[in-house]
Each structure stands twice: as structure tokens, then as C-alpha cells.
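Dear colleague,

Please find below the structure that I am handing over to you. My findings follow directly after it.

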Amino acid sequence: MTTVHATLGRVAERLGAAGCATPRVEAELLLGHVLGTTRAELHGASARELGEDDERLLEILVSRRERREPLAYVLGEWGFRRLSLRVDPRVLVPRPETEIVVERCLGLVRDCTRPRVLDVGTGSGAIALALADEHRGARITAVDAS
Ligand SMILES: C[S@@+](CC[C@H](N)C(=O)[O-])C[C@H]1O[C@@H](n2cnc3c(N)ncnc32)[C@H](O)[C@@H]1O
């Protein structure tokens, strides 16, 4: 059994060797995902020991990331504005700059109480879901050809 502290060091080293640009942050995200904790909570739990199931799952996820599978697909979720969206290789990982698209849309419908919105090519649903979350009166249709 190893501790959170030792595991983070080991995983970060592996991810760094595999060419990941921010290995420590990624190690924290992967271990946090396995343990069901946030990165902040991990810092207060450095002496916690991992169980066998945790170690097994972490190994699978780290191996996938070492093969340079996108982190969002390995985690199966990705943050977008106030939401955590489920993602897998069938959809584009929502991009930070797409959050600005949502900001612009919210500006356009700011004065409408019941705006109608059409999101064509919704993919993960990032834009439609964020708009629904941040403008409770919006009536939103989201479509995708895939
Ligand atoms: C680059 S992704 C963008 C996904 C999402 N809007 C985002 O920002 O994360 C483009 C999406 O448009 C969809 N798409 C492409 N052509 C389309 C069409 N003619 N009608 C509907 N969806 C389409 C694709 O299947 C894909 O999911």
C-alpha cells in the first residue's frame, strides 16, 4: 500500500516521462478522480493510504494517459463553466474558448425572459447545457448530425 503523497510523486514522474506538459496537476486530477476527492482535498490527505481497488483503477487510467489519450477522455468528464460534462471519444472535448461563446450568447439574450436558442452541432452539449444552466428561462434545442 502506498500513500497519496508517494503516489502523486510516482504518477507525476511517469506522466512527465510520457511528455505530459503538466504532470503534477494531471496526477492530482487522476488520483482525485479515483478517490472521489477534489485536488484541494488531496492536499490535506497526503498520508491516506490507497486501497487495492484504487491502485488498480489508477494504474489503468495512468496507462491510458501515458499513451497520450486526452485527459478528459481518461477522466470521462471535463469542466465547462459551472458544469462538469461527461465526455468520451465520440465528442470534442469542450474548449476553454467555447466558454466565451456562451458568454456572448448570454449577453445577446440578457433582456429576454424566455429566449429560444438553437445549438447546431452540440457535441457534448456544452453550449446548450451551460446556457440552460445560466439562463433558467431559456428554451433550448440542441442537435447533432452524429
Ligand atoms: C467541433 S464539434 C463542436 C461541438 C460543440 N459545439 C462544442 O463546442 O464543444 C462540431 C459538432 O458538429 C456536428 N455537426 C457537423 N456538421 C453538422 C450538421 N450539418 N448538422 C448537425 N451537426 C453537425 C458534429 O457531429 C460535431 O459534434
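I begin with the ligand. A nitrogen atom of the ligand lies 3.0 Å from a backbone N or O atom of A145; a polar contact is a pair of N or O atoms within 3.5 Å, and within protein one must be able to donate a hydrogen and the other to accept it, while residues adjacent in sequence count only if both atoms are side-chain atoms. The protein covers 55% of the 600 Å² of accessible area that the ligand has on its own (Shrake-Rupley method with a 1.4 Å probe; for residues, only the protein chains shown count as cover).

Please note that this is a predicted model, in which local features need pLDDT of at least 70 and side-chain atom pairs count only at pLDDT 80 or more, whereas totals for chains, interfaces and linings use all residues. Residues are numbered from 1 along each chain as its sequence is written, and side-chain values use heavy atoms, with hydrogens and water left out.

Two further atom pairs involve the ligand. A backbone N or O atom of G121 is 2.8 Å from a nitrogen atom of the ligand, and an N or O atom in the side chain of D144 is 2.6 Å from an oxygen atom of the ligand. The residues around the ligand (a heavy atom within 4 Å) are L92, T98, G121, T122, G123, D144, A145 and S146.

T122, one of these residues around the ligand, is in the loop between β3 (116-120) and α7 (126-134). Helices (H or I, at least four residues) and strands (E, at least two) are DSSP runs, numbered from the N terminus. T122 counts as buried because its relative accessibility is 15% (buried is under 20%, exposed over 50%, partly exposed in between, with a 1.4 Å probe and protein chains only). The side chains of T122 and D119 are joined by a polar contact of 2.7 Å. Not counting residues up to four places away in sequence, T122 touches A128, A142, V143 and D144 (heavy atoms within 4.5 Å).

Elsewhere, strands β1 (residues 77-80) and β2 (residues 83-86) pair in the antiparallel sense over four bridges; pairing requires at least two bridges found by DSSP. E77 stands opposite R86 in β2. The two strands form a hairpin with two residues between them, and R81 in the turn has a positive phi of about 50°.

Finally, E49 belongs to the loop between α3 (39-43) and α4 (52-66). Leaving aside neighbours within four places in sequence, E49 is in contact with M1, T2 and T3.

Yours sincerely
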